[in-house]
Amino acid sequence: MHVEAVELRVIALPMVSPFVAAHGTVSTRTAVIIRLLGGEDEGWGECAALPEPTYSEEFVDGAYLALQEQLVPRLLAAGGTLTATDLSSAFADVIGHPMAKASIELALLDAQGRRDSIALTQILAPHSPGPSQHVPAGVAIGLLATPEDLAAEVSARVAEGYGRIKIKIAPGRDIDFIRAARNATGASIELCADANGAYVLDDAKTLAELDAFGLSYIEQPLAADDLLNHAELARRISTRICLDESLTSATVTQEALDSGACSVVCVKAPRFGSWLEAASILDHCAGLGIDAWVGGMLDCGIGRAANIALAAHPGATLTGDIAATSRFFTEDICAPFTVSGPRGSGTIDVPVGPGLGIAIDAATLSKLTIRTDTVRL
Ligand code: MG
């Protein structure tokens, strides 16, 4: 599209309940929403950065500034008809800010899909025989006060249809909690744990105790920049290691696989700075026979729609963080995504309309907006 103006917003969505992980707590999900405008075309994107820089360096207010003062001016200055593949050159001199960059790419992909009447899921998996109609539902459960609280929460989610349950863990809040979760799921539900980098290699004995619970993997046990110790940990425990925060590009992902730092890949397009690169990493993993899945970031409707579209990629071999809107929010800027299906095999429908395949609810968007600016050439 020929981008003439970019509307930036921060929206604030109240969470159903605060989401607690080793890296911090989110009570209100603020997020940057962008809308590209040009002639008859428009495209919507969402920046995955959390309200505070606790998961990665990016955060809502910083991402807004990076978009407003650095990335959007470069996008507008590039001029002409732009596609998503033009962005790497337009942003070549800007270091970092992957989530902000990915939000613009997503908006361009949405615009491309709307113009060409192609669903995002087909753009991301062009060689797939046809878009999947639905993807299996998976949910992440934050740190709760007691193992009993966690067991009750897990049972409720399993009853709703979720076939894969991910439990946030942290030192001192691990073995008893995972045991309670496993007792609540029974053996047939996929269970995994996410430490958000809260452990050190000296915790290997504790982490090895998790081997007893049949987890499909433990996600990001050690610090993001600690690939070699992840490889050492992988030799000391039998549960597979999946990396999330560590994997910032296709190159790093390959290095992590080659070094034995991980054997499962969490694909988060915003962390890679590109939805197209995320899709290519899923292609790559599929070619190597490596299990991969699509992670989430407490996404609002646009990010959730995009993640569901990516999760329909054939390289996403494990169930991802693909949860219903109502798991986190009481309202959203588009129609909510819902889980349907029996215990253990619930699914979420993949949007198959053009682009993101969702309709933005203008009234709700306006009501939830706490800041907005429009950037023009
Ligand atoms: Mg994670």
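Two strands pair if DSSP finds at least two bridges between them. Strands here are DSSP runs of E with at least two residues, helices are runs of H or I with at least four, and both are numbered from the N terminus. With that in hand, welcome to this predicted model, where local features need pLDDT of at least 70, side-chain atom pairs count only at pLDDT 80 or more, and totals for chains, interfaces and linings use all residues. Residues are numbered from 1 along each chain as its sequence is written, and side-chain values use heavy atoms, leaving out hydrogens and water.

- Seven strands make up an open sheet, in the order 5-6-7-8-9-10-11, with parallel pairing.
- Its edge strands are strand 5 (138-141) and strand 11 (291-294), each of which pairs on one side only.
- Inside that order, strand 8 pairs with strand 9 (residues 241-243) in the parallel sense, over two bridges.
- Isoleucine 218 stands opposite isoleucine 241, which belongs to strand 9.

- Distant parts of the chain are linked here: aspartate 194 is in strand 7 (residues 190-194) and glutamate 219 is in strand 8 (residues 218-219), 25 residues apart.

**A closer look at aspartate 194**

- Buried means under 20% relative accessible area, exposed over 50%, and partly exposed in between (1.4 Å probe, protein chains only).
- Aspartate 194 has 1% relative accessibility, so it counts as buried; glutamate 219, at 0%, counts as buried too.
- A polar contact (a pair of N or O atoms within 3.5 Å; within protein, one must be able to donate a hydrogen and the other to accept it, and residues adjacent in sequence count only if both atoms are side-chain atoms) joins the side chains of aspartate 194 and lysine 166, at 3.5 Å.
- The backbone nitrogen of asparagine 196 lies 3.1 Å from a polar atom of the aspartate 194 side chain.

**Helix 3**

- Helix 3 (residues 98-116) has 19 residues.
- Because 14 of its 19 residues are buried, helix 3 is largely enclosed by the rest of the structure.
- Serine 117 follows helix 3 and has a positive phi, near 55°.

Definitions and conventions. The expected span of a helix is 1.5 Å times one less than its number of residues.
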